[in-house]
Amino acid sequence: MSSADIAFINTCKSIIEEGSWVTDEKVRPKWEDGTPAYTKKKFCVVNRYDLSKEFPLLTIRPIGIKSAIDEILWIYQKKSNNVNDLNSHIWDSWADADGSIGKAYGYQAGVKHKYKEGEFDMIDRVIYDLKNNPCSRRIMTNLYNFADLSEMALYPCAYSMTFNVTDGKLCAILNQRSQDMLAANAWNVAQYAALVHMLAQVTDLKVGEFVHVIADAHIYDRHMPIVEELIKRPVYPAPKFELDPDIKDFYDFTVDSFKITDYQHGEKIDKFPVAI
């Protein structure tokens, strides 16, 4: 059983059995027909994954790992806020006529900041510190810029990474303010685990623990039957994960730098509605 299956199933069970319904008419998200999108939620979910043992990829249904990695490269490598630079269409509903999602995600990742050592954007500063200051407790990214929130199509959900080197292993915490369990949980876990692998490789570190902290973990009302069926499915061992060992520059990674083998999984689920 994959650690991703354990975390997903346990979190969903906890939400279903112990969670609180959010049915206030003032909820922001809506379904395509304009109906309020209600949720059942748990506050502050923490899931831990040991990347040195396995890659956390869900097996109860297939996850498009290359599309997930493409999005993480879109944010942190391309530093783009335009959906035309992204191969999937997951952000199309939030984009304007030119494809922009405003000053969100990749835009924030590309903003340069002044340090005594020079000017760096967030990810370049992380790489610099992992190479030169691995004992630092200040190695972070943060996409939640209050000054620019009014110009973002959607406030960042997964907004902050904190990195920590422990016994020569790169460990990381992902802070997420909101998590749609069906649409995004397995996707986010896989792509940020991949990001930790990439950063570890280009800074000559091993991978360690990846911790995912979710403030509001929820299941939408129209997703509930799908999730209830999913968590009853058989589970399989985690697949094998390989990263091209010849790549030493973060900006040389592509989706083809990743290889997933022995990925046994359940059936694909039908297309489901996404609240906007």
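1. How many bridges join strand β6 to strand β7? Eight, between residues 158-166 of β6 and residues 169-180 of β7, and the two strands run antiparallel. Strands here are DSSP runs (E, at least two residues), numbered from the N terminus, as are helices (H or I, at least four).

2. A note on the source. The model is predicted: local features need pLDDT of at least 70, side-chain atom pairs count only at pLDDT 80 or more, and totals for chains, interfaces and linings use all residues. Residues are numbered from 1 along each chain as its sequence is written, and side-chain values use heavy atoms, with hydrogens and water left out.

3. Look at the β6 and β7 pair up close. Val165 stands opposite Leu170 in β7. Ser160 stands opposite Asn175 in β7. The hairpin has two residues between its strands, and Asp167 takes a positive phi near 55° there.

4. Six strands form an open sheet, ordered β1-β2-β8-β7-β6-β5, with mixed pairing. Two strands pair if DSSP finds at least two bridges between them. β1 (20-22) and β5 (139-142) are at the edges with a single partner strand each, so one side of each has no neighbour in the sheet.

5. Next, β7 and β8. They run parallel and are joined by 10 bridges. Leu174 stands opposite His212 in β8.

6. Finally, a helix on the sheet. Helix α1 (residues 3-18) packs on the sheet and touches β1, β2 (39-50) and β8 (206-220). Contact means heavy atoms within 4.5 Å. The direction of α1 makes about 155° with that of β2. Axes are lines fitted to C-alpha atoms, for helices over the stretch in contact, and angles run from 0 to 180 degrees between N-to-C directions.
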